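User: I'd like to learn how to read a structure like this one, feature by feature. Could you walk me through it?

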Amino acid sequence: MNNDQTGFARTLSHRHVAMIALGGTIGTGLFLGAGSSIHKAGPAILLVYIITGLFVFAMMRALGELLVSDDSKPVFIDFMTQYLGERAGFVLGWTYWIGWVVIAMTELTAIGTYMHYWFPDWPVWPWELAFLIVLYFVNTIAVKIFGETEFWFAMIKIVAIVAMIITGLILALGHVKTSMGVTQFSTLWSHGLVADHGKGLLSTFQMAFFAFLGVEFVGITAAETKDPLETIPRAVNSIVIRILIFYIGALSAIMIIQPWTNYQAGESPFVQVFSGIGIQSAAAVINFVVLTAAASAINSAFFTTGRMLYSLVGEKSRFKKLNKNAIPKSAINLSTLIVGLAVVVNYLFPTDAFTLISSMASAAFLLIYMALMVTHLRFRKATKGQKSHGFQLPLSPFSNYLTIAFLALIFVILLVTPATTVTTLLAVLWMVLLTTIAFFKFKKN
């Protein structure tokens, strides 16, 4: 089952990869943060998600084209090293690694909060430690176990979203009366199409974009996927359909069941809707869903950071070794130990400290995505005239430049928004620091 070129086991099936790609596009942002974006944009949020989704799709097509051109590379950052140089690969690789480590630490902290909902009298650290240990073993026993776990994590999120969509359709088709009045499709637009004359519309693009953060994770699984030339393109091509069904469908249902003017930041619209139609356990159900979403993020982080560290270190490093199941266990061990510090750090620093660092990592991901589009441009230039494998980014290089411009716009929005200015500047500072280190590390003689 091992790939002769990488040593990794190709045990992830199309079913696993498809759900991994799907899980990467559905996070807690939809279940908990949608209220804020609806409040700021109104029904226009649907257009925001469609536009953002198209650019995310372009980015994923570029990534997919790179992956199927050479499926022996363990992580997509290796393509950046090849086409942008060692320095760029070093900066982007370590940024991506630390970004996922920080996300895992933040999500581990969130797990403690979610478990506290059911067990308010218990300390949170045992829950964090328990999830950390279980997910560590999921990642170090067999790749197939990781894939199966991610499959069911994604399935839980899908069931919650489909339940919302079906609920909206049934109530609207039956003109069912709720505490908010008669449910009908016209509720979607009857209170206006844009909130506050569009003043907050631009800021919702960053919310929509960060809802898709992690979608590139499928690019880490290529070297461990069965039939990658078939599986990766199918997973990438289905992303737009998922965006339309799950994001557009769920948000539309939310604004049909209750007027969009009812939703506020800080309150889950899923809880509000299900509670409004008489489901008293709605808050507990959604708490379970976001708990699995957080566990999924940590699971993905262990997988990603292990492969990233394996790819970044030298050939003689102990982190360059695979265990008998073709898993970089030593690399995962280090990542797990660092993530586990969150259990200790939570006693020493406020949660806001993690939020600050997590936001910085998110801003850095934007720079990585822009670098990905530049890498694709260099790849196209280097392989011009060679036989095509049939899976390409449409309208390239125009679509590359347009996507880079869109990502740059999101970055500027982050920079000028008071709440994210500091974290965005910290991300830039981090990149400058790594660039300086890379300059001396790879200094040409």
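This is a predicted model: local features need pLDDT of at least 70, side-chain atom pairs count only at pLDDT 80 or more; totals for chains, interfaces and linings use all residues.

User: Where does S268 sit, and is S268 buried or exposed?

Analyst: S268 is in the loop between helix 10 and helix 11. Burial is read from relative accessible area, and under 20% counts as buried. S268 has 7%, so it is buried.

User: Which backbone atoms lie by the polar side-chain atoms of S268?

Analyst: There are two to look at. The backbone oxygen of F31 is 2.6 Å from a polar atom of the S268 side chain, and the backbone nitrogen of F270 is 3.3 Å from a polar atom of that side chain. Leaving out residues up to four places away in sequence, S268 touches F31, L32 and I286.

User: Now helix 11 itself. How do I tell whether a helix is enclosed or open to the outside?

Analyst: Go through its residues and ask which ones are buried. Helix 11 covers residues 269-276, and six of its eight residues are buried, so the rest of the structure largely encloses it. The buried ones are P269, F270, V271, Q272, V273 and F274.

User: What do those buried residues of helix 11 pack against?

Analyst: They pack against helix 2 (28-41), helix 7 (143-173), helix 10 and helix 12 (282-312). Just after helix 11, check the backbone too: G278 takes a positive phi of about 100°.

User: Which residues have the most contacts inside the largest nonpolar core?

Analyst: F76, L251 and F270, in a core of 142 residues.

User: What is F76 in contact with?

Analyst: Apart from neighbours within four places in sequence, F76 is in contact with L63, L67, Y96, E216, G219, I220, I368 and L372.

User: On to charges. How many salt bridges are there?

Analyst: The cut-off is a Lys or Arg side-chain nitrogen within 4 Å of an Asp or Glu carboxyl oxygen. By that rule there are two salt bridges. One joins R380 and E65, whose closest N and O atoms are 2.8 Å apart. R380 lies in helix 14 (residues 351-382) and E65 in helix 3, so this pair ties together parts 315 residues apart in sequence. R380 is partly exposed at 23% relative accessible area, whereas E65 is buried at 1%.

User: And how far apart are the closest N and O atoms of E230 and R234?

Analyst: They are 3.2 Å apart, and the pair forms a salt bridge. Both residues lie in helix 9 (residues 228-237), four residues apart, which is about one turn of the helix. E230 is partly exposed at 44% relative accessible area, and R234 is partly exposed at 42%.

User: Let's finish with a loop residue. Where is N323, and what does N323 touch?

Analyst: N323 is in the loop between helix 12 and helix 13 (329-348). Not counting residues up to four places away in sequence, N323 touches T140 and K329. Compare sequence and space as well: N323 and I141 are 182 residues apart in sequence, yet 9.5 Å apart in space, C-alpha to C-alpha. At 23% relative accessibility, N323 counts as partly exposed.

Technical notes
Residues are numbered from 1 along each chain as its sequence is written. Side-chain values use heavy atoms; hydrogens and water are left out. Helices (H or I, at least four residues) and strands (E, at least two) are DSSP runs, numbered from the N terminus. Buried means under 20% relative accessible area, exposed over 50%, partly exposed in between (1.4 Å probe, protein chains only). A nonpolar core is a set of buried Ala, Val, Leu, Ile, Met, Phe, Trp, Tyr and Cys residues joined through side-chain atoms within 4.5 Å. Contact means heavy atoms within 4.5 Å. A polar contact is a pair of N or O atoms within 3.5 Å; within protein, one must be able to donate a hydrogen and the other to accept it, and residues adjacent in sequence count only if both atoms are side-chain atoms.
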